[in-house]
Amino acid sequence: MKSFFSRYFTSHLLILLFSLFIVGFFSIISMNQFLYSDNLDRQIVYTEILAEMFSRAGQSPGSEQAYLDTLEVNPQIRITIIDRDGTVLGDTEADITLMDNHSNRPEVIQALSSGRGTSKRISKTLRESLLYTALYREEEGLVFRVSMVVGNIDRMVTQLTLRVSLITFLVLLVALLISFRQTNSINRMLKSIVAVVTDYAGGDFHQNLYLGGFREAVEVGDAVNSMGRQLKEKIETVTIQRNKSEAMLDNMVEPVIYLDSNLVINDINRAALRMTGCSFIQCLGKNLLQIIRDIHLCRLAEECLKDNVPLSEIITLGPRHFMVQGTTINSSDGSDRGLLLVMNDVTEIKQMELMRKDFVANVSHELRTPITSIIGFVETLRMIPGARSEQHDKFLEIIHNQSQRLGEIINDLLSLASLEDSHALVKETVLLEDIVGEAEAVCHMKAESRQVEFVHEFDPDTVLCCHKNLTAQALVNYLDNAVKYGPPGEKVTVRAVREGNMTVISVIDRGSGIPEDQQERLFERFYRVDKARSREIGGTGLGLSIVKHIALKHGGKAGVDSSPGKGSRFYISFMDCPEK
Ligand code: ADP
């Protein structure tokens, strides 16, 4: 690319040359025209006077040369009288007998055709530049021609041309000198701006730009200096923030890894280095799979980056379990995406959770036998005939009821424990109608005692891909609650609808409903809206929790929509079986 200096200076030079050439050329042309036209006017008048004098002198034909000889003519002027056919009849300079026919002379041709003619050329006879004027007079039938030597005008024009050229050259020289200085100073200014801005780009903000000369240059200097100051402040702020983030990241107990869109490690903290057993240099630029050999984690990270959704999943690396939290980070223009992985070591929590589950399962299991025998003995005692006080019978009834309740709680806890183990369910395709029928049969007695009628709102051909017994258990829990908490004599509806690749089954009652702030916690273990009433009615507080776990085991979910005073809709969704 051309430099500023060569481009700017060359264009100045061309503009100057062009304008000076135009000015010089037109001034010389105008000068030339002015000098000749002045002379020509005078010469025409002179020719007219001569012709008039010749006419007044009353000359007879053939006396033209004699008449001219009587005139005292300036040696610079020559007079020729020419006949209509071009024959020279008189001349003040040459011998007419030696002169050729003049009918071909341009001024003579013009005069014969229009009365007047002019021309300028080098005379063959005198070998000098001459200006000719010719006048044709009809009365005499003669052409009067006057010629004057104009060599002095030519010389004058040449001299003027020389002077104009010299002046033009001098003007050009001075203009070029000024242009050179200006261009050079702007060029120096640009170079110093480039030098300072290059320093700024390299992170060196020590230099300041001092430009003088004119207002705009000072303004540019001020703007560049202010830009430098702002950049410096911003870079300092960013550096402080980066150092803070690095310190926080390095002091975090949780391993943190930042990946680019190709799962290449861009940054990694100390905890993650400890976990992987690699050094920072070894990890940087490597693919995640090379450092953490877990294909499941890599797949999750890929999906998270592709779908731009947060990731939250427990993965197992050797003996330890990590809760991996992934967050995508998009570049400001959205063209690039990275993934921040935070790995929380949940091994201890997992172990405690396992202990808790084992404990609950073991205790429930151990309690089941004594409770069963207590119930058995109480029933036996109640059946033995004999005189017993009323109080005895009442106490026996209380012991029987409470033992049965305890037995139900133990059964529910054992159901939950078995649902919580990691074994996958064996699912089958079952007609929904069959499962609903089974569940309703279990609740039949209670429903009849409260005059509750079950209504179906689903296609009889609806099938579910599920574990039949567990699904029936979930529906029993929902239907039992609907009968228990709904008003007597009302209808309870079982509805099934398709939502994407799921079938959603709802149990709808027209009971008192559940306040909105309590709906979220309803599926927690032992959570009850009205504890006293629930106990009185005879619930364990585990029914909905069991439904939730059954839904999760099927890859679906359980939930509730309820409007206090109007009723509730409890639902559970089932995913379709994968097509074979
Ligand atoms: P419970 O054995 O006490 O019924 P659940 O887990 O089945 O335990 O239910 C938890 C609580 O949810 C109940 O105690 C009750 O307060 C509330 N609940 C459940 N189903 C309904 C319903 N259909 N209408 C109103 N409240 C309900």
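Author: Residues are called buried when their relative accessible area is under 20%, exposed when it is over 50%, and partly exposed in between, with a 1.4 Å probe and protein chains only. By that rule, buried residues make up 37% of the 580 residues in the protein. The structure is a predicted model, in which local features need pLDDT of at least 70, side-chain atom pairs count only at pLDDT 80 or more, and totals for chains, interfaces and linings use all residues. Residues are numbered from 1 along each chain as its sequence is written, and side-chain values use heavy atoms, with hydrogens and water left out.

Reader: How do you know how the radius of gyration of the protein stands against that of a compact globule?

Author: The radius is taken over C-alpha atoms, and the globule rule is 2.2 Å times the number of residues to the power 0.38. For 580 residues the rule gives a value near 25 Å, but the protein has 60 Å. Along the principal axes, its C-alpha atoms fill a box of roughly 195 × 60 × 45 Å.

Reader: What makes up the secondary structure of the protein?

Author: There are 16 helices and 17 strands. Both are DSSP runs numbered from the N terminus: helices (H or I) have at least four residues, and strands (E) at least two.

Reader: Which share of the contacts in the protein joins residues 24 or more positions apart?

Author: A contact means heavy atoms within 4.5 Å. Among contacts with a separation of 6 or more, residues 24 or more positions apart account for 57%.

Reader: Why is Ala474 called buried?

Author: Its relative accessible area is 1%, and the cut-off for buried is under 20%, so the term applies. Ala474 lies in helix H13, residues 468-485. Leaving aside neighbours within four places in sequence, Ala474 is in contact with Val547, Ile550 and Ile572. Leu259 is 215 residues away from Ala474 along the chain, and their C-alpha atoms are separated by 43 Å.

Reader: Why is His102 called buried?

Author: His102 has 4% relative accessibility and therefore counts as buried. Its place is in the loop between strand E2 (88-91) and helix H3 (106-114). Beyond its neighbours within four places in sequence, the contacts of His102 are Ile82, Gly86, Val88, Val108 and Arg145.

Reader: What makes phi of Leu263 worth a remark?

Author: Most residues other than glycine have a negative phi. Leu263 has a positive value, near 65°. This residue is found in the loop between strand E6 (256-259) and strand E7 (265-268), and at 4% relative accessibility it counts as buried.

Reader: Where is Phe526 found, and is it buried or partly exposed?

Author: Phe526 is found in the loop between H14 and helix H15 (531-537), and at 38% relative accessibility it counts as partly exposed. Phi of Phe526 is also positive, near 60°.

Reader: Why is Gln519, in helix H14, called buried?

Author: Gln519 has a relative accessible area of 14% and is therefore buried. Helix H14 covers residues 516-519. Apart from neighbours within four places in sequence, Gln519 is in contact with Ile514, Val560 and Ser562.

Reader: How do you know that E16 and E17 pair, and how many bridges join them?

Author: Two strands pair if DSSP finds at least two bridges between them. Six bridges join E16 (residues 558-563) to E17 (residues 567-575), and the two run antiparallel.

Reader: Which way do E12 and E14 run, parallel or antiparallel, and how many bridges join E14 to E15?

Author: E12 (residues 453-457) and E14 (residues 491-499) run parallel and are joined by five bridges; the bridge partner of Val455 in E14 is Thr493. Seven bridges join E14 to E15 (residues 502-509), and this pair runs antiparallel. Val494 stands opposite Val507 in E15. In the hairpin of E14 and E15, with two residues between the strands, Gly500 takes a positive phi near 65°.
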